[in-house]
Amino acid sequence: MKKLLFLTALIIAGYSCALAQKNITGKVTSKKTGAPLPGVTVMVNQDKATQTDANGNFSLTNVPANGKVTFSFVGYKTIEGALPQGNTLDIELEEDARELSEVVVTALGIRRTDRGLGYSIGKVDPAGPVQ
C-alpha cells in the first residue's frame with residue numbers, strides 16, 4: 001500500500017513539473033521598418049537560448065512558465081520581460097542610436113591608434129555602401 005501511495009505521489013509530482021513547462025514561438029521585427037530581424041538572440045532565464053531565423057521567427061521548447069525572456073541584437077535596444085500567458089510572443093525591437101567609437105585591432109589584439117602602426121590598415125565605414 002505504501003509503495004502504491006508513493007508511486008502515485010511521484011507520478012503526480014512529475015505531471016505537475018511537466019505542466020509548469022511550455023513552448024514559446026514568435027517573430028521579431030524592426031519597430032522602425034517592420035522588417036523581420038534574423039539572428040536576434042532570444043534567451044530565457046539566462047540558460048535557454050536560440051536565435052531567430054531568416055524570417056525573424058523563433059521557437060523555444062520546455063521553458064518555465066514563470067521565466068524571464070530577453071531579446072538582444074546588435075544596433076537595437078535589448079528588451080527584457082516576463083513570458084506571456086499564451087504560447088506566442090511577437091516583439092518589435094527599437095533601434096539604438098548610440099554610435100560605436102573607432103577601435104583599431106592589431107594582430108595581437110592590442111589597441112593602438114591607426115597612426116601608431118607600421119603597416120597598412122583598412123577601414124570600414126558604417127555608413128558605407130549599404131543603401
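The questions and answers below go through the strands, the core and some side-chain pairs of a predicted model.

Residues are numbered from 1 along each chain as its sequence is written. In this predicted model, local features need pLDDT of at least 70 and side-chain atom pairs count only at pLDDT 80 or more, while totals for chains, interfaces and linings use all residues, and side-chain values use heavy atoms, with hydrogens and water left out.

Reader: In what order do the strands of the open sheet of 4 strands stand?
Author: Strands here are DSSP runs of E with at least two residues, numbered from the N terminus, and two of them pair if DSSP finds at least two bridges between them. Strand β2 (residues 41-44) and strand β5 (residues 68-72) are joined by 4 bridges, and 4 bridges also join β5 to strand β6 (residues 79-82). The edge strands, each pairing on one side only, are β3 (48-51) and β6. With antiparallel pairing, the order is β3-β2-β5-β6.

Reader: Which residue in β6 is the bridge partner of Phe 71?
Author: Strands β5 and β6 run antiparallel, and Lys 68 stands opposite Ala 82 in β6. For Phe 71, the bridge partner in β6 is Ile 79.

Reader: Which residue takes a positive phi in the hairpin of β5 and β6?
Author: This hairpin has 6 residues between the strands. The one with a positive phi, near 90 degrees, is Gly 75.

Reader: How is the aromatic pair of Phe 58 and Phe 71 arranged?
Author: Aromatic rings of Phe, Tyr and Trp (its six-membered ring) pair if their centres lie within 6.5 Å, and planes under 30 degrees apart count as stacked, over 60 as edge-to-face and the rest as tilted. Phe 58 in strand β4 and Phe 71 in strand β5 are 13 residues apart. Phe 58 counts as buried because its relative accessibility is 5%, and Phe 71 is buried too, with a relative accessible area of 1%. The two rings lie 5.7 Å centre to centre with 70 degrees between the planes, an arrangement that is edge-to-face.

Reader: Is Leu 83 buried or exposed?
Author: Leu 83 is found in the loop between β6 and β7. Contact means heavy atoms within 4.5 Å, and, leaving aside neighbours within four places in sequence, Leu 83 is in contact with residues including Ile 24, Val 44, Val 63 and Val 69. Because its relative accessibility is 10%, Leu 83 counts as buried.

Reader: Which side chain meets Glu 94 in a salt bridge?
Author: A salt bridge is a side-chain nitrogen of Lys or Arg within 4 Å of a carboxyl oxygen of Asp or Glu, and the structure holds 1 salt bridge. Glu 94 lies in the segment after β7 (91-93), and its partner lies 17 residues apart in the loop between β5 and β6. At 3.9 Å, N to O, the side chain that meets Glu 94 is that of Lys 77.

Note on methods: Buried means under 20% relative accessible area, exposed over 50%, partly exposed in between (1.4 Å probe, protein chains only).
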